[in-house]
Amino acid sequence: MENNLNLNPRDAQSLSPWQNISPGKITQKESAAHETVYDVVIVGAGITGLTTALMLQRSGKKCLILEAGKVGFGTTGGTSAHLNTFFDATYPEIESDFGQEQSKQVADSGKEAMSIIASLVEEYQIDCDLEYKDGYLFSENEKESKQLQEILEASRRAGIAVAESDTNDVPVAFDKAIRFAHQGQFHPLKYLEGLTSAFINLGGIILEDCFVSDRKESEGVINIFGGGKTWKGRSLVYATHMPPGITVYSLRCAPYRSYVLGIKLKDDHYPTGLAYDMQEPYHYFRTHRIDGHPYLILGGEDHKTGHDDPEQAFVNLEQYAREHYAVDSVAYRWSSQYYIPVDGLPYIGPLTSGDNTYIATGFNGNGMMFGTLSGKIISDQILGVENRYSGLYAPSRLKPVAGFSEFVKENADVAWHFLADRFGADELEKLSELKKGEGKIAEFQGEKLAIFKDDQGRVTAVSPVCTHAGCIVNFNAAEQSWDCPCHGGRFDTSGKVISGPPQKDLKQVNLRR
């Protein structure tokens, strides 16, 4: 149920360069059978779901993947596709919250994820533009330089190959820089195409356009309700970025959006490696060749989902690009969602202790790495193979100190929106005030509605109450969606679920009364 479907397929700039292709038709050896009890049902056909499914299928398990949209056209399709062995949770932070030994484990797990991607590319001969690059992290002031020195020292203690550098690989003035060796990048959808082919050739089955709405367990079999049918599995994996419904993980993980531009330059000053500043939020840089032409991939301007102005985020990012590069044109612009866990590390494994339902969430901005690692950890757990990282990333782990302040801050924000959005939203007295392509929360005939006017002037209205936990959605003009500021649920302008934990669409309202 990787549900981040493309909202504006007619507008190429709203897609990532990876998504700006037609999804291929999947040809399978056999079709899905709802009466079959599969060994494992995986919900979501992004990097987490496909890696998990392939590892299980080649180990002899019979697997079924249920995907709400098309393979890879969700969160994986929106990634900037950096492959790193250093993460958004820095090694000094991991040492402080978990300990030095655990910091080494995190570093080792990153190296293993990198190795898994490389081995799958080699084994299945996947042409996905996989390249190894140096990664540069740089500071721009004294405070950042002090933090950078701490990152350098803690990264070395964790066993990461990193050294001071006299360059940062980008035309941004800097105070101090460090260089991480053997980082990487690839084309994520080409990579997923390779995993998909390998999975199907081994007898695996993928069902697209199948939104999973619920599950119920009975006599050791999990019944999964999706696409108007009931599917059966002995184990269930939610490879959905965030497990659906109201769970503790809705409180443990805060939803954020990050913005990315694909830029053509007037000169040839493209980055040769990967680069990251230390601003909050930080900018990230790399180069990728699409159809033989180089593009600067520049990202940043992150903010919590449903907060701030997505259109302004793109404006700010383009302005930043023009300050530092000779920009010819912006060929692509897109955004993607990620979840920040309160203690910095993702949750990978059984939903609850002894459960046959597995989750993988809280990847922060490191989805390609932790999605790959999740496939290894979860497949090992289902196969009964001991995995050295199971305890480190266990969803059941309890860290009362690590992340507590973030937990309080994020959920105080949720509580504020739950109340304020109901009593502080601007009222719209006349539907004629709504501009084409605009959406607003409005008071209409005594009822609060989420109202949208499309480019043809047609007005649609839905309930603004998120079907997940009852918060009020906000309109995202840049992506023409209704976004929940509490737990990151997103809906299209007709109210259909796009992504996040909601399992039901927004209630449609008939304006003709």
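In which loop is Pro281 found? Pro281 is found in the loop between strand S12 (274-276) and strand S13 (284-290). Helices (H or I, at least four residues) and strands (E, at least two) are DSSP runs, numbered from the N terminus. The peptide bond that leads from Glu280 into Pro281 is cis, with omega near 0°.

The model is predicted: local features need pLDDT of at least 70, side-chain atom pairs count only at pLDDT 80 or more, and totals for chains, interfaces and linings use all residues. Residues are numbered from 1 along each chain as its sequence is written, and side-chain values use heavy atoms, with hydrogens and water left out.

Positive phi values occur at residues other than glycine. Asp129 has a phi of about 60° and is not a glycine. Asp129 lies in the loop between helix H3 (100-123) and strand S4 (131-139). Its relative accessibility is 23%, which counts as partly exposed. Here buried means under 20% relative accessible area, exposed means over 50%, and partly exposed is in between (1.4 Å probe, protein chains only). His182 also has a positive phi, near 55°. His182 belongs to strand S6 (residues 176-185). At 49% relative accessibility, His182 is partly exposed.

Strand pairing was then examined. Strands of a sheet pair through backbone hydrogen bonds, either parallel or antiparallel. Two strands are counted as paired if DSSP finds at least two bridges between them. An open sheet of four strands runs in the order S21-S22-S23-S24, with antiparallel pairing. Its edge strands, S21 (474-476) and S24 (497-499), each pair on one side only. The twist averages 35° from one strand to the next. For such angles, axes are lines fitted to C-alpha atoms, for helices over the stretch in contact, and angles run from 0 to 180 degrees between N-to-C directions. Strand S23 (residues 490-492) is joined to S24 by two bridges, and the two run antiparallel. Arg490 has Ser499 of S24 as its bridge partner.

Strand S8 (residues 212-218) and strand S9 (residues 221-226) pair in the antiparallel sense over six bridges. Lys216 is the bridge partner of Asn223 in S9. S8 and S9 form a hairpin with two residues between them. In the turn, Glu219 has a positive phi of about 55°.

The structure holds 14 aromatic pairs. Rings of Phe, Tyr and Trp (its six-membered ring) pair if their centres lie within 6.5 Å; planes under 30 degrees apart count as stacked, over 60 as edge-to-face and the rest as tilted. Tyr256 and Tyr338 are stacked, at 6.0 Å centre to centre and 25° between the planes. This pair links distant parts of the chain, with Tyr256 in strand S11 (residues 253-265) and Tyr338 in strand S15 (residues 327-341), 82 residues apart. Both Tyr256 and Tyr338 are buried. Phe370 and Tyr393 pair edge-to-face, at 5.9 Å centre to centre and 65° between the planes. Phe370 is in helix H8 (residues 367-383), whereas Tyr393 is in the loop between H8 and helix H9 (404-423). Phe370 and Tyr393 are buried. Ring pairs also link Phe86, Phe180, Tyr276, Tyr282 and Tyr284 into a cluster.

The structure holds 13 salt bridges. A salt bridge is a side-chain nitrogen of Lys or Arg within 4 Å of a carboxyl oxygen of Asp or Glu. Lys70 and Asp209 form one, with the closest N and O atoms 2.7 Å apart. Lys70 lies in the loop between strand S2 (63-66) and strand S3 (82-83) and Asp209 in the loop between strand S7 (205-207) and S8, so the pair ties together parts that are 139 residues apart in sequence. Arg157 meets Glu95 in another salt bridge (2.9 Å, N to O). Arg157 is in helix H4 (residues 142-157) and Glu95 in helix H2 (residues 91-98), so parts 62 residues apart in sequence are tied together. Arg157 is partly exposed at 36%, whereas Glu95 is buried at 17%.

Disulfides, defined as pairs of cysteine sulfur atoms within 2.5 Å, number zero. The sulfur of Cys466 is 4.0 Å from the closest cysteine sulfur, in Cys484, too far for a bond. Cys466 is buried, at 3% relative accessibility.
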